[in-house]
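Here is a short report for a reader meeting this structure for the first time.

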Amino acid sequence: MLSLQIDDARLTDLEPWHAEQLAGLFRAHGDDFYDWLPWEGFEDVDGARGFIESFAKARGEGTRRLYGIWVEGELVGGTLFPSINARSRTAEAGVFLAASARGRGIVTRAVAAMLDWAFVERGLHRVEWRCAPGNHASRRVAERLGFTHEGTLREVFPVREERQDLEVWALLAREWSGLPPRVG
């Protein structure tokens, strides 16, 4: 279990009993999230619970992880490993965060904690970051954490029934030196 205090934010496993909070987050911010996410339908509690339960089951199998980000007791986003492959020692990382919580370095620090867990505790070799070319905030997180842009997959990412390109960034264990000191 990962539980971490990041300045005024807390990162911890998202559990099925958080379904109402996740549904509320998607009701309030889903339009913004769905600009960049290939999945939807989490505005209702049953949909949110099913999503969380699928990750909770996969966490037990070691194949996926889902964390919530809380600020002052309110769920404002999440970070996740949508896939972890123990055999190849690879994973993919992703995030979603309410606009009201952006610009404070929360996601960068949360993903850094995930990378420490992935490389140090799990012994993974490679973590990928995938984002649409137009998702500049996501690209900046990858750049700040030292990921290398490896290429762009064309029209592979369905969002709102429209195919988008998807950039692939990657970070290898030997390249990870931890989160750079916070400036400002």
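## Glu15 and its partner

At 10% relative accessibility, Glu15 counts as buried (under 20% relative accessible area, with exposed over 50% and partly exposed in between, for a 1.4 Å probe and protein chains only). The side chain of Glu15 forms a salt bridge with that of Arg59, at 3.1 Å from N to O (a side-chain nitrogen of Lys or Arg within 4 Å of a carboxyl oxygen of Asp or Glu). This pair links distant parts of the chain, 44 residues apart, with Arg59 in helix α2 (helices, H or I, of at least four residues and strands, E, of at least two are DSSP runs, numbered from the N terminus).

## Basis of the model

This is a predicted model, in which local features need pLDDT of at least 70 and side-chain atom pairs count only at pLDDT 80 or more, while totals for chains, interfaces and linings use all residues. Residues are numbered from 1 along each chain as its sequence is written, and side-chain values use heavy atoms, leaving out hydrogens and water.

Asp13 lies in strand β2 (residues 9-13), 46 residues from Arg59, and is buried at 2%.

The side chains of Glu128 and Arg130 form a salt bridge at 2.7 Å, N to O; Glu128 is buried at 16%, whereas Arg130 is partly exposed at 31%. Through shared partners, salt bridges join Asp13, Glu15, Arg59 and Arg65 into one network.
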